[in-house]
Structures are given as structure tokens and as C-alpha cells.
2 protein chains.
Amino acid sequence: MSETQVASLDRIDLLASLTPDERSAIVRQCGWRRYKADEQIIDHLSETRDACLVVEGRVRVVMFSMSGREISFDDVSAGGYIGELSAVDGEPRSATVVALTDTLIAFVPPRLFQEIVTTHPKVALLFMRRLAAIIRRATGRIMDLSTLGANNRVHAELVRLAKPGLKADNTAEISPIPVHGDIASRVSTTRETVARVLSDLSRSGIVERRSHALVVKDYTRLVDMVEEVRGE
Amino acid sequence: MSETQVASLDRIDLLASLTPDERSAIVRQCGWRRYKADEQIIDHLSETRDACLVVEGRVRVVMFSMSGREISFDDVSAGGYIGELSAVDGEPRSATVVALTDTLIAFVPPRLFQEIVTTHPKVALLFMRRLAAIIRRATGRIMDLSTLGANNRVHAELVRLAKPGLKADNTAEISPIPVHGDIASRVSTTRETVARVLSDLSRSGIVERRSHALVVKDYTRLVDMVEEVRGE
């Protein structure tokens, strides 16, 4: 067990309320592995049930349709974790996880992970809130898929991306510029649809592509385009 | 506190591993209310954060689109619970809950519910597995909505309904006969689409409507119709 490994688990949000000794005990029972960008960390057909702590890097949780279309569920950065469902319920993997950048993963055996999340009330509550957040996001996505057309789903995704950077003058920068394929896979449509919607929005003066950012020039109008259809 | 109330919490699966004394302590802090069929138990705009134990009856978790279309998420019977997301994360209600039959609900204040699910490891694990199951089902539904057309989603729902009653001769009875509107709201389509798909399946000899049950006469063929598209 290296000091770096012990220190690195300090950065995992879920474990922040544990004592340094408790974290060291976990480090001793973890497996460690580095992945290059695009390498697969969890195969949805894999028989493993470990929870995977993302110590360094960034990963994407995805599924693929028969035609090979990627449907993405979540991006998780250093400090987060993945593979928690199989670790608590022992059922097969529900999705595939791929490294987006060079990534270091600490694998926590399922028994140990269950013990951690069920015997420390603060950790338990944090973990339950993370699962609740996943359910809320999935529920919103099911509603969007059930009630919005593909164009409006792209609008809704742009609103989500723009919101954190919203300024008082009703503009927002999305930086880095989002990749069409990423938006497509998050809202279950094709790259071509995303390209067409963005070029329509650009022609209407609602968004503008600059060198380092996609600028939403009229955030309120973009929100209205979604809410008119959603009925919020 | 009545003896009936104490006894009734014995039937809540989540609390089965607690001692009778621990359950009595919970009963004392619960609110109790009866609902008639079709009465609303949780409004998605409500400010309450209680977890709701379904002591008697059966309830449905739904959301409504702007056009009033019902998108249903779950039916929960006596022994189960609802409203657990707001109880653990303190966020607004994510959906509306309606009584399907006469129903008795025990309302557990959010603080107490958090204490119950975080301080008893067995209860914690059961609760986490319930949340994991909701996530897995939602993930499947997102995939179906992203990759299957409405017709195939109806086929997939019939497979889900038929599976528990599958017999060795490749037939399965679905009883009681499912209501078209219920199927429609579970797979995000219209009643008319469900009616059309069922009549197509009936003409092809794959299903047959009898007096008390919908009979799937060729289960394998129905499964194939879904899997060809899903690519499983």
C-alpha cells in the first residue's frame, strides 16, 4: 500500500466522512488499475461486481443499441464512483463504462462496498442521495423521451449545458464546445439531428459558435422553446 | 397507537428486520390516512417530504405530460413504500401518486425515515437494492424509448407481463386482462396504438383474448419480435 494510494482515496466524496484509518483499511483491500482514454473499464457482460472508485481521470457510462448507436447515461469525474448497482445488488452489470481520459480506478470488492455504505450512516445517506439523483435524472429523461420530439430534446440538453454559465444579460457560454455525438448520445438521437438543430438555432440568432465556446445568446428563448412543449 | 397499527407495520418488507419494539417506536411517530380509489396521495407539487408506507391497498406512481397524457412509473402494493426520494434527499416530489384501490398509508417524517434507513445495516441494504432496481428498470425503459418504436415497446411490455405465467408449452396467461390505457402509459404511447398492436397480434395468432385472461399463445415468437430489434 503506497502513501499515494491512501491519499488518493481522500478525494473520493463518498468516503470523506470516514477516518483516515478507515480509509487505509479500504485501500488495503482494493485492486488498482490504470486505463488509457477509450479503454473499457466495465463491460456490460462482465461477471465482476466490484464498485469502482474514480481516483484520477473521467469515465462515461453508456449502452449500445443493436445498430451500434451509443446511448450515454452519465459522465463521472475523479472523486466519484461507478459500478455501484452490481456492488449492492449482485445483479449483472447494467451498462458499459469507458475511460474518457487516462484514468486510475480503485476496485472495491462488493462485500466491502456493502459494508462501507451500510455501516456508516453518513456514507449511507450520501450514497442513497446519489442513487436518488440518478433516479430523478432518469425520470426526467423518460418524460423527455415520452413527450418531446428529438429537436426539443436537443434544446433541453443545451439548456442543461448552458445553465451553469448563465449571465445576468441572458447569455451563457458552453465551453468547451460540446461534441455533436455526445449530445446525440445523451438525448437518444442522431448526430445529424444535433447538427441540423444547432444550425437552425444559429440561423435564428439563438446560439453562436465561437472559437472556444458555444454561446447561447438568448437563454430565455431557448428555455421557452422547451417549456412550451413540456408544459412547465 | 392501536394494536392494528403496530401489527400493520409488520407487513412492510423494508422494516422486517427491525425488532417489534423498534417498529412500535416508528408507529408512534407516523401519520395515518385512508384514501379511496383514484384519490391523490402525493401531488408532485406538494411541499411534503414524508416517506409513505403502503399498509393496505395499491397505488400508482405517475407523471402527466402537458397534453395530459399519463406516463406511469410504478405500481406499489401493500408492504411497499413510495415517496422515498424526497424523504432521503429533501428535494421536491418527482411524481404524483394515486390510490388504485382503497388504501391505508402510514406517513414517516423524513428525519425518522433517514434514521431508519441509515442506522440499520440490513434495512439500508434492502433500501439501496430497491433504489438500484428502480434505476435498472429506468435504464431499460430509456433504452427501449431510445431504440424501439411504439409497436415493439408494446410487444416488450406484453413479454414482461407474460413472463411470470409462462408454461412449458410456450404459452402464458396474463390475468386479469391488462387495460389498454395502463399499457399505453407504461410504454409512453397511446391507447389506440396498444389496441392496434393487440389486434395485429391476435390476427397473427400470437395472442388470444379470452373471458378472464389475455393468452399469449406463442411466447417465444413474441420475445423474438422484441429481441430482433433490441439486438439481445
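These legends walk through several close-up views of a predicted model. Local features here need pLDDT of at least 70 and side-chain atom pairs count only at pLDDT 80 or more, while totals for chains, interfaces and linings use all residues. Residues are numbered from 1 along each chain as its sequence is written, chains are lettered from A and ligands numbered from 1 in the order in which they are written, and side-chain values use heavy atoms, with hydrogens and water left out.

**View 1**
Contact here means heavy atoms within 4.5 Å.

**View 2. Where the two chains meet.**
On chain A, 43 residues are in contact with 43 residues of chain B. About 3,700 Å² of area is buried between the chains, and carbon and sulfur atoms give 74% of that. (Buried area is the accessible area, with a 1.4 Å probe, that two parts lose on being put together, summed over both.) Between the chains there are 10 residue pairs in polar contact, both residues at pLDDT 80 or more. A polar contact is a pair of N or O atoms within 3.5 Å; within protein, one must be able to donate a hydrogen and the other to accept it, and residues adjacent in sequence count only if both atoms are side-chain atoms. Several elements of chain A each supply at least two residues to the side that touches chain B, among them strand E4 (58-64), helix H4 (110-119) and helix H5 (121-147). H5(A) gives the most, with 19 residues. Helices (H or I, at least four residues) and strands (E, at least two) are DSSP runs, numbered from the N terminus.

A:Arg136 forms a salt bridge with B:Asp89, and their closest N and O atoms are 2.8 Å apart. (That term asks for a side-chain nitrogen of Lys or Arg within 4 Å of a carboxyl oxygen of Asp or Glu.) A:Arg136 also touches B:Ser86, a residue of helix H3 (residues 84-89) of chain B. B:Ser86 is buried, at 2% relative accessible area. Buried means under 20%, exposed over 50%, and partly exposed in between (1.4 Å probe, protein chains only). A polar atom of the B:Ser86 side chain lies 2.8 Å from the backbone oxygen of B:Glu91 and one lies 3.5 Å from the backbone nitrogen of B:Arg93.

**View 3. A histidine in a loop.**
B:His44 sits in the loop between strand E2 (40-42) and strand E3 (51-56) of chain B. With 36% relative accessibility, B:His44 counts as partly exposed. Leaving aside neighbours within four places in sequence, B:His44 is in contact with B:Arg93, B:Ala95 and B:Thr96.

**View 4. An arginine tucked into a helix.**
A:Arg23 belongs to helix H2 (residues 20-29) of chain A. A:Arg23 is buried, with a relative accessible area of 9%. Not counting residues up to four places away in sequence, A:Arg23 touches A:Leu9, A:Asp10, A:Leu15, A:Ala16 and A:Leu18.
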